[in-house]
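These notes are meant for a colleague who is looking at this structure for the first time. Please read them with the sequence and the model side by side.

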Amino acid sequence: MGALTVLYDGGCGICVRLAGHVATRTGVSVVPIDSELGAVLLRDLSPAERAASVHVVDDRGRRRSGGAALPPLLRQLPHAAVLAAAAERLPGLADRCYRLVAHHRRTLSRLARLEDCGATAARPVAGCARTTQRRHEDGPHPSPPSR
């Protein structure tokens, strides 16, 4: 599997924490949806569609969003091959699980004492999205899929 880029909500505490976890344990690049790279990779989506879910873009420009993003992402995490296979074989369940967590992400952030950091591409916050972001400075950016 080639390089992946995960685009996440940089203003959500739990999203930022999970993105940091992914970035430190894998070779996956993580960037906020509202970053410059996010604007390029998601340029065919409206702002509402961009913000609606997590997106994973592979090195061929193929994008998967929401629950469909889980299998390629989980394959990158140590010890998550079984979860990746389950998410791939049960896409409806993976999508429902993803939507459940995504719908309650603000509550989960508060419960975990991960306040919304308020980071944006224009206003990064130290210790938040900026510190978990890994850029594609060593190679070309994947192109978004054509429609």
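A strand here is a DSSP run of E with at least two residues, a helice is a run of H or I with at least four, and both kinds are numbered from the N terminus. Arg63, taken up in point 4, is found in a strand of this kind, β4. The model is a predicted one.

1. Overall make-up. The protein has 147 residues, and 44% of them are buried. Its secondary structure consists of 8 helices and 4 strands. From one end of the sequence to the other, these elements follow the pattern β-α-β-α-α-β-β-α-α-α-α-α.

2. The sheet. The 4 strands make an open sheet with mixed pairing, in the order β2-β1-β3-β4. β2 (29-32) and β4 (63-65) each have a single partner strand, so these two stand at the edges and one side of each has no neighbour in the sheet. From one strand to the next, the twist averages 20°. As background, the strands of a sheet pair through backbone hydrogen bonds, and they may do so in parallel or antiparallel fashion.

3. Strand β3 and its two neighbours. β1 (residues 4-8) and β3 (residues 55-58) run antiparallel and are joined by 4 bridges. In this pairing, Val6 has Val56 of β3 as its bridge partner. β3 also runs antiparallel to β4, with 3 bridges between them. There, Val57 stands opposite Arg63 of β4. Both faces of β3 are covered: His55 and Val57 are buried on one side, and Val56 and Asp58 are buried on the other. The hairpin of β3 and β4 has 4 residues between the strands, and Gly61 in this hairpin takes a positive phi near 85°.

4. Two arginines to inspect. The side chain of Arg63 reaches the backbone oxygen of Leu41 at 3.4 Å. Arg105 belongs to helix α7 (residues 105-111). Arg105 has a relative accessibility of 18% and therefore counts as buried. Which side chain does that of Arg105 meet in a polar contact of 3.1 Å? The partner of Arg105 is Asp9, through its side chain.

5. The largest pocket. Rolling a probe the size of a water molecule over the atoms shows where empty space is left. In this model the largest pocket has a volume of about 750 Å³. It is lined by 29 residues, of which Leu18, Val54, Leu70, Leu73 and Tyr98 are the closest to its centre. Which elements give two or more residues to the lining of the largest pocket? They are β1, α1 (13-25), α4 (70-74), α5 (81-89) and α6 (91-103). By residue class, the lining of the largest pocket divides into 25 nonpolar, 2 polar and 2 charged residues.

6. Leu70, one of the residues named for the pocket, is placed in helix α4. With a relative accessible area of 23%, Leu70 is partly exposed, because the range for that class begins where buried (under 20%) ends. The C-alpha atoms of Leu70 and Ala86 are separated by 9.9 Å, and the two residues are 16 apart along the chain. Gly67 sits in the loop between β4 and α4. Its relative accessible area is 3%, so Gly67 is buried. Between the C-alpha atoms of Gly67 and Ala87 the separation is 7.9 Å, with the two residues 20 apart along the chain.

7. A backbone point to check. His79 lies in the loop between α4 and α5. Although His79 is not a glycine, it has a positive phi of about 65°. Is His79 buried or exposed? At 85% relative accessibility, His79 counts as exposed.

Definitions and conventions: Residues are numbered from 1 along each chain as its sequence is written. This is a predicted model: local features need pLDDT of at least 70, side-chain atom pairs count only at pLDDT 80 or more; totals for chains, interfaces and linings use all residues. Side-chain values use heavy atoms; hydrogens and water are left out. Two strands pair if DSSP finds at least two bridges between them. Axes are lines fitted to C-alpha atoms, for helices over the stretch in contact, and angles run from 0 to 180 degrees between N-to-C directions. On a 1 Å grid over the protein atoms alone, a cavity is a set of points where a 1.4 Å probe fits but cannot get out, and a pocket is an open set with protein on both sides within 12 Å along at least five of seven lines; lining residues have an atom within 4 Å of a point. Grid points are joined across faces, edges and corners, and a volume is the space filled by probe spheres set on the points. Ala, Val, Leu, Ile, Met, Phe, Trp, Tyr, Cys and Pro count as nonpolar, Asp, Glu, Lys and Arg as charged, and the others, Gly among them, as polar. Buried means under 20% relative accessible area, exposed over 50%, partly exposed in between (1.4 Å probe, protein chains only). A polar contact is a pair of N or O atoms within 3.5 Å; within protein, one must be able to donate a hydrogen and the other to accept it, and residues adjacent in sequence count only if both atoms are side-chain atoms.
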